[in-house]
Amino acid sequence: MSMGTALAGAHRISGEDVDRYRSEGHLLVPGLAASYEVAHVAPAIEAATARHTEKAVPLAERDTYGKAFVPVMNLWRDDETVASYVLAERFASVCGPAARG
């Protein structure tokens, strides 16, 4: 079973959750993903992150922010396992209502 299949199905959030997202810009949704689901995909996320950070500018050449943080975005575009997780139906069922205006 793929991660996308494992995370199929909707997860409902309340109107209060939507309002909190709109006012705070983020939302904690307890129970949205089980620890075993996160553990399943964590190695793929770590490997994809490592591949992207190898391309980073050497530490000595970075500014202060760059020495503290190496931004890595859109890992899902380059890794099928990561994509099946972040694009899962369960997460989309939360993001859609929260983002609608």
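## Aromatic pairs and a helix contact

Tyr 65 has 52% relative accessibility and therefore counts as exposed (exposed means over 50% relative accessible area, buried under 20%, partly exposed in between, with a 1.4 Å probe and protein chains only). The model is predicted: local features need pLDDT of at least 70, side-chain atom pairs count only at pLDDT 80 or more, and totals for chains, interfaces and linings use all residues. Residues are numbered from 1 along each chain as its sequence is written, and side-chain values use heavy atoms, without hydrogens and water.

Rings of Phe, Tyr and Trp (its six-membered ring) pair if their centres lie within 6.5 Å; planes under 30 degrees apart are stacked, over 60 edge-to-face, and the rest tilted. By this rule there are two aromatic pairs.

| Pair | Centre distance | Plane angle | Class |
|---|---|---|---|
| Tyr 65 and Phe 69 | 5.1 Å | 40° | tilted |
| Tyr 85 and Phe 91 | 5.1 Å | 70° | edge-to-face |

Both Tyr 85 and Phe 91 are buried.

Helix H2 (residues 15–24) packs with helix H6 (residues 89–99) at an angle of about 65°, and their axes are 9 Å apart. H2 is therefore roughly perpendicular to H6 (65 to 115 degrees; under 35 is roughly parallel, over 145 roughly antiparallel, the rest oblique). Helices here are DSSP runs (H or I) of at least four residues, numbered from the N terminus. On the H2 side the contact (heavy atoms within 4.5 Å) is made by Val 18, Tyr 21 and Arg 22, and on the H6 side by Pro 97, Ala 98 and Ala 99.

Note on methods. Axes fitted to C-alpha atoms, helices over the stretch in contact; angles between N-to-C directions. Helix = DSSP H or I, 4+ residues; strand = E, 2+ residues; numbered from the N terminus.
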